[in-house]
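Dear colleague,

Please find below the structure that I am handing over to you, with its sequence.

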Amino acid sequence: RRVHGGPPGVGKTSLGKSIAESLGRHFERISLGGMRDESEIRGHRRTYVGAMPGVLIKALRHAKSNNPVILLDEIDKVGSDWRGDPSSALLEVLDPAQNHTFVDHYLGVPFDLSRVVFIATANKLETIQPALLDRLEVITIPGYTFNEKYEIANKHLIPKMIEENGLPAKSVEITPDALTTIINNYTREAGVRELGRVVAAVFRKVAVRYSEYVKSGKKEPFETVRVVSEALQEYLGPIVYEHEIRDRISHPGVATGLAWTPAGGKVLYVEASLSRGKGKIEITGQLGDVMKESVLTAIGWIKANFDQLEFSPDVLNMSKKKDPSTFFDSVDLHVHFPAAATPKDGPSAGVTITTALVSLLTKRKALPYVAMTGEISLKGLVLPVGGIKEKCIAAQTAGIQTVVLPKRNKKDIEEISAEIRKEIKFVFVGHVNEVLEVALEKKENVTSQIEESNNRLTNVNRLSRL
């Protein structure tokens with residue numbers, strides 16, 4: 001009994017089919033998404049009109065075998081209401097100590113399920129009932145790296161699309177540059193489902209050309225269509241995704257973080273602004289309670305370490321009160337998480353929020369190709385987080401060169417592929433001060449920029465006098 005957990009499109013269901021083929025057993029798939037009626041699992045008593053056996057007995061009857069591989073798809077999306085809780089009914093099914101006497105209400109007699117191989121799939125393990133998850137061996141399937149997507153497209157997706165679109169072998173050639181552009185600029189996902197759709201769109205347009213060639217009745221052979229990077233706009237339209245990190249981190253008060261989502265890792269930006277006011281703290285971006293508390297924790301640490309952070313003179317001048325204890329009473333802080341239409345929550349944005357706020361208050365810009373993840377305590381300790389593998393894949397996709405991680409997550413690096421470890425430099429930290437040293441510009445760079453700006457103002461004033 002196992003559960004394949006991971007983002008959509010990474011092959012959780014396909015892996016279940018492959019296991020059935022390798023074992024030489026029948027394969028049956030049961031969709032649990034949206035199931036709310038306990039009778040769907042246990043069956044209906046025959047005293048009711050329209051009574052039917054449960055989905056498990058139906059699957060065994062369809063397989064004509066008592067030892068098939070049964071895939072319980074989307075087990076994390078099982079619901080519950082007044083009709084019962086299917087998750088609780090599955091406890092007996094997946095428990096090896098109980099399922100040899102499973103009773104379907106329609107049959108009314110015990111049925112032995114101990115010979116059945118059960119494989120579940122889920123996008124988010126947190127929503128599975130804890131007692132049910134305890135009965136399953138968790139196998140995490142993370143997203144694919146660029147090289148893995150490239151090989152999957154070359155060896156599987158392209159031959160599949162040639163066959164599905166009725167094209168002759170070697171009638172289409174997608175150059176390496178074109179395939180690289182498709183992966184980097186037309187898809188942004190952990191799996192390869194969207195990549196398959198984009199590649200299919202290219203082949204459909206080639207199939208139109210081929211059908212016109214067949215109708216024309218020409219005797220010369222069909223000329224191979226060579227898809228190059230420069231011609232992709234003709235097939236797929238304008239570029240969908242661009243690397244925007246350097247543009248986003250061009251001002252103080254912005255930092256790059258890494259987040260985990262059920263669809264895989266994601267690059268997350270945190271923006272902060274300061275204005276004269278009365279100590280108001282504004283937090284926007286459709287955040288959950290955990291992230292709101294992370295913002296307040298970051299502000300609390302900054303207040304406690306006001307003196308050592310060396311605020312910019314321009315920032316101090318915004319407040320009429322230069323006393324550290326009252327500075328924040330005369331300014332308003334606004335922390336924003338872009339892409340406000342997407343709900344966000346989780347305990348891994350603390351270091352990113354702190355870096356963005358310190359960047360704003362000291363006028364030290366965050367370095368453009370440095371991303372970070374980790375939670376902080378009020379004492380400035382960097383606490384470990386989860387989803388490291390997915391976050392690192394997202395960092396590689398976005399072109400991040402340095403990733404800052406909590407020291408206690410160092411053991412998770414062993415799970416990351418050698419390809420990512422070769423491209424990304426990992427820095428392990430135990431305190432917020434170490435994060436700021438890695439992620440922000442050096443202080444001397446800020447001083448030289450201020451002096452350069454002052455010199456420009458002096459020259460402008462001299463010219464205006466002349």
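I begin with the largest pocket, whose lining residues divide into 15 nonpolar, twelve polar and ten charged. Please bear in mind that this is a predicted model.

The space in the largest pocket comes to about 930 Å³. Its lining is formed by 37 residues, and those closest to the centre of the pocket are Glu126, Trp260, Thr261, Gly386 and Gly387. Which elements each supply at least two residues of this lining? They are strand S7 (137-140), strand S10 (254-261), strand S11 (264-276) and helix H15 (388-398). With five residues, S10 gives the most to the lining of the largest pocket.

The second largest pocket has a volume of about 730 Å³. It is lined by 31 residues, of which Arg188, Tyr241, Gly265, Lys266 and Val267 are the closest to its centre. Two or more residues of this lining come from each of helix H10 (245-248), S11 and H15. Here S11 gives the most, with six residues. By class, the lining of the second largest pocket divides into 14 nonpolar, eight polar and nine charged residues.

I turn now to the helices. Two packed helices are described by the angle between their axes and by the distance between those axes.

Helix H6 (residues 146-164) and helix H8 (residues 193-216) have axes that come within 10 Å and cross at roughly 45°. On the H6 side, the residues in contact are Lys149, Ala153, Leu157, Ile158, Met161 and Ile162, and they meet Leu195, Gly196, Val199, Ala200 and Phe203 in H8. This contact has nine nonpolar residues, one polar residue and one charged residue.

At what angle do helix H14 (residues 350-362) and helix H17 (residues 432-439) pack? The angle is about 60°, and the axes of H14 and H17 are 10 Å apart. H14 and H17 are therefore also oblique to each other, and H14 passes H17 in a right-handed crossing. H14 contributes Val351, Thr354, Thr355 and Val358 to the contact, while H17 contributes Val432, Val435, Leu436 and Ala439. By class, the contact of H14 with H17 has six nonpolar residues, two polar residues and no charged residues.

Yours sincerely

Technical notes
Residues numbered from 1 in each chain as written. Predicted model: local features only at pLDDT ≥ 70, side-chain atom pairs only at ≥ 80, totals over all residues. Heavy atoms only, no water. Axes fitted to C-alpha atoms, helices over the stretch in contact; angles between N-to-C directions. Helix = DSSP H or I, 4+ residues; strand = E, 2+ residues; numbered from the N terminus. Contact = heavy atoms within 4.5 Å. Nonpolar A, V, L, I, M, F, W, Y, C, P; charged D, E, K, R; others polar. 1 Å grid on protein atoms, 1.4 Å probe; cavity = no way out; pocket = protein on both sides within 12 Å on 5 of 7 lines; lining within 4 Å. Points joined across faces, edges and corners; volume = space filled by probe spheres on them. Parallel < 35°, antiparallel > 145°, perpendicular 65-115°, else oblique. Left-handed = near helix turned anticlockwise from the far one by under 90°.
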